[in-house]
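Have the sequence and the structure open side by side as you read.

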Amino acid sequence: MNKIRLSLIIFSLCSPGCGLHSCAQSNGSSALFQSSVFTAPGSFTSGVEGPSVDKRGNVYAVNFSKQGTIGRVSPKGKAGVFIILPDSSVANGSRFDMQGNMILADYVGHNVFRVNMKTKQLSVVAYAPQMTQPNDVAVDSRNHIYASDPNFKAGTGRFWRIDTDGKVTLLDTLGPANGIEVNPDENRIYVAAARTVWVYDLSAQGTVSNKRQLIEFPDFGTDGMRCDVDGNLYVARIGKGVVAKVSPGGKLLREITLIGKKPTNVAFGGKDGRTVYVTLMDEGNLESFKVDKPGREWKMQHKN
């Protein structure tokens with residue numbers, strides 16, 4: 001079959017009425033660093049955030065259909081409500097701990113929740129009224145939880161450690177702290193604030209030192225981020241419509257162009273841990289793309 005005929009067949013399969021988003025959702029993309037739609041636009045609210053992936057490959061993100069929910073999306077893209085948070089709580093960041101429990105940052109109720117994934121029962125790891133708003137979270141192999149805490153109106157922020165006994169400890173004060181991540185060796189922690197990603201040395205006890213700048217972007221902001229197993233950071237660049245891949249040395253390695261313009265966070269999943277899922281505020285959905293290395297958190301989960 002010649003190339004012209006093959007192109008015509010492909011064009012006819014993707015009819016004019018199908019549209020860019022629905023074609024991407026049904027066909028996906030196996031090429032590296034090429035994003036396609038994973039869930040339908042508008043399936044989540046504009047508050048979509050906090051993607052995380054369980055060991056079975058299900059993808060979770062906050063605010064499915066309405067605020068205050070946690071949505072679950074199957075590996076094939078079928079989405080629905082997983083749980084509804086109590087009272088007026090609304091989550092932002094989510095992660096999984098070493099036991100497979102979901103950790104949620106409730107920025108309205110000032111809680112950090114733990115969700116038993118078998119029973120869907122919520123428990124409060126920490127109630128933290130001293131925080132402006134627990135925002136994004138990261139978890140290490142010792143089940144330390146690290147939470148960013150921005151005050152966007154004041155342009156300030158902090159980040160904290162929550163121990164397994166619920167003790168909350170202030171680690172540092174900086175700009176409007178947003179995305180937060182631990183590196184694969186767990187001797188570094190990254191915190192994004194405005195256009196800058198900061199890096200600290202991290203001890204086994206969860207203390208930080210030696211703050212320095214990893215990278216400062218010339219435009220737009222930063223939001224959530226995750227590390228791959230090589231320590232490269234994938235940073236959501238809200239407003240620019242890209243995910244930036246940044247080396248541990250602070251070099252911008254590439255930018256992955258998205259369909260939406262306001263990515264809020266990323267998570268690794270898929271069968272081999274090499275699928276990155278991105279939450280999009282302006283589209284109210286998730287996109288996904290393949291990468292060359294699996295995620296740190298995915299590898300940590302699959303050790304058990």
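Strands E6 (91-96) and E7 (residues 102-106) pair in the antiparallel sense over 4 bridges; two strands count as paired if DSSP finds at least two bridges between them. Strands (E, at least two residues) and helices (H or I, at least four) are DSSP runs, numbered from the N terminus. Ala91 has Asp106 in E7 as its bridge partner. The two strands form a hairpin with 5 residues between them, and in its turn Gly100 has a positive phi of about 85°. This is a predicted model, in which local features need pLDDT of at least 70 and side-chain atom pairs count only at pLDDT 80 or more, while totals for chains, interfaces and linings use all residues. Residues are numbered from 1 along each chain as its sequence is written, and side-chain values use heavy atoms, with hydrogens and water left out.

On its other pairing, E7 is joined by 5 bridges to strand E8 (residues 111-115), and the two run antiparallel. Here the bridge partner of Ile103 is Arg114 in E8. E7 and E8 also form a hairpin, with 4 residues between them and a positive phi of about 60° at His110 in the turn. In E7, 5 of 5 residues are buried, where buried means under 20% relative accessible area, exposed over 50% and partly exposed in between (1.4 Å probe, protein chains only). In a regular strand the side chains alternate between the two faces of the sheet. Met102, Leu104 and Asp106 point one way from E7, Ile103 and Ala105 point the other way, and all are buried.

Which side chain does the side chain of Ser89 meet in a polar contact? The partner is Asp106, at 2.7 Å; a polar contact is a pair of N or O atoms within 3.5 Å, where within protein one must be able to donate a hydrogen and the other to accept it, and residues adjacent in sequence count only if both atoms are side-chain atoms. Ser89 sits in the loop between strand E5 (79-84) and E6. Ser89 is buried, with a relative accessible area of 8%. Beyond its neighbours within four places in sequence, Ser89 is in contact (heavy atoms within 4.5 Å) with Gly68, Asp106, Val108, Asn111 and Phe113.

Strand E15 (residues 188-193) is mostly covered, with 5 of its 6 residues buried. Strand E14 (residues 177-182) pairs with E15 in the antiparallel sense over 4 bridges, and Glu181 stands opposite Tyr190. Their hairpin has 5 residues between the strands, with Glu186 in the turn at a positive phi of about 60°.

E15 also runs antiparallel to strand E16 (residues 196-202), joined by 6 bridges. Tyr190 stands opposite Val199 in E16. In this hairpin, 2 residues lie between the strands and Ala194 takes a positive phi near 60°.

## The open sheet

An open sheet of 4 strands has the order E1-E24-E23-E22, with antiparallel pairing. Strand E1 (36-37) and strand E22 (263-269) stand at the edges, each with a single partner strand, so one side of each has no neighbour in the sheet. E22 pairs with strand E23 (residues 275-280) over 6 bridges, and Ala267 has Tyr277 as its bridge partner.

A cavity is a set of points on a 1 Å grid over the protein atoms alone where a 1.4 Å probe fits but cannot get out, and lining residues have an atom within 4 Å of a point. The largest cavity holds about 80 Å³ of space. Its lining has 13 residues, and those closest to its centre are Arg226, Ala267, Phe268, Glu297 and Trp298. Helix H3 (296-301) supplies the largest share of the lining, 4 residues.

Arg226 lies in strand E18 and is buried, with a relative accessible area of 3%. The side chains of Arg226 and Asn265 are joined by a polar contact of 3.3 Å. A polar atom of the Arg226 side chain also lies 3.4 Å from the backbone oxygen of Ser94.

Technical notes
1 Å grid on protein atoms, 1.4 Å probe; cavity = no way out; pocket = protein on both sides within 12 Å on 5 of 7 lines; lining within 4 Å. Points joined across faces, edges and corners; volume = space filled by probe spheres on them.
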